[in-house]
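Please read them with the structure in view.

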Amino acid sequence: AGLKQALALLQRLDESAQQRLADHSLDVLLNGLRELKGSQITIRGETGEVGKRMHGKSKVSKADGVAFNRLAAQQKELVPLLEALQKKMDMSAVYAHVCRRMGSQMTDAAASLSKRDSVTALSRQDDVLRQLSRLIESAEIKPSSKNREFVENQSGGGSGASSPTISKPIP
């Protein structure tokens with residue numbers, strides 16, 4: 001009886017440690033996504049300002065040309081940051097697809113900035129910001145204690161695929 005109690009305690013401690021580790025990993029990921037979003041918001045804001053100054057003009061001023069080059073470089077610098085976060089996610093195909101799409105849109109935005117096309121750049125930046133917001137929102141949703149009970153108490157049946165657990169919830 002003493003061994004069974006010790007084993008049960010050990011299992012509870014292990015689950016608790018796994019949950020804390022998962023929560024910490026999620027916090028690190030969310031902070032990275034929030035920082036990426038903050039950088040994207042800054043670049044988008046500056047792109048909008050340059051776009052307003054250029055509105056209706058066919059020739060780009062020297063100052064705006066410099067701004068476009070700087071913004072294009074800043075936009076390109078976000079792609080590897082997103083890729084690093086994607087690797088940290090070690091996640092589902094859905095999140096991987098969203099990250100690849102955002103990376104492509106960041107690259108397109110940088111190319112548009114290099115071409116002095118603020119309209120297309122702003123459109124791509126808006127798409128990235130929407131997707132980042134959705135990704136952050138989906139990761140911030142914490143399972144309720146009722147959902148955890150369901151996952152913890154689920155047993156048997158199914159197709160033989162691995163079942164969700166508290167440390168490996170349904171994506």
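1. A residue counts as buried under 20% relative accessible area, as exposed over 50%, and as partly exposed in between. D126, at 24% relative accessibility, therefore falls in the partly exposed class. The model is a predicted one.

2. How many salt bridges does a search of the whole structure find? The search gives five; the points below take up some of them, including the one made by D126.

3. D126 pairs with R44, and their side chains meet in a salt bridge at 2.6 Å, N to O. R44 has a relative accessible area of 25%, which makes R44 partly exposed.

4. A salt bridge also joins E46 and R70, where the closest N and O atoms are 2.7 Å apart. Here too distant parts of the chain are linked, as R70 sits in helix 2 (residues 62-89) and E46 in helix 1, 24 residues apart. Both partners are partly exposed: R70 has a relative accessible area of 37%, and E46 has one of 23%.

5. Where do R130 and D127 lie? Both are in helix 4, three residues apart, or about one turn of the helix. R130 is partly exposed, at 42% relative accessibility.

Note on methods:
Residues numbered from 1 in each chain as written. Predicted model: local features only at pLDDT ≥ 70, side-chain atom pairs only at ≥ 80, totals over all residues. Heavy atoms only, no water. Salt bridge = Lys/Arg side-chain N within 4 Å of Asp/Glu carboxyl O. Buried < 20%, exposed > 50% of the residue type's maximum accessible area, 1.4 Å probe, protein only. Helix = DSSP H or I, 4+ residues; strand = E, 2+ residues; numbered from the N terminus.
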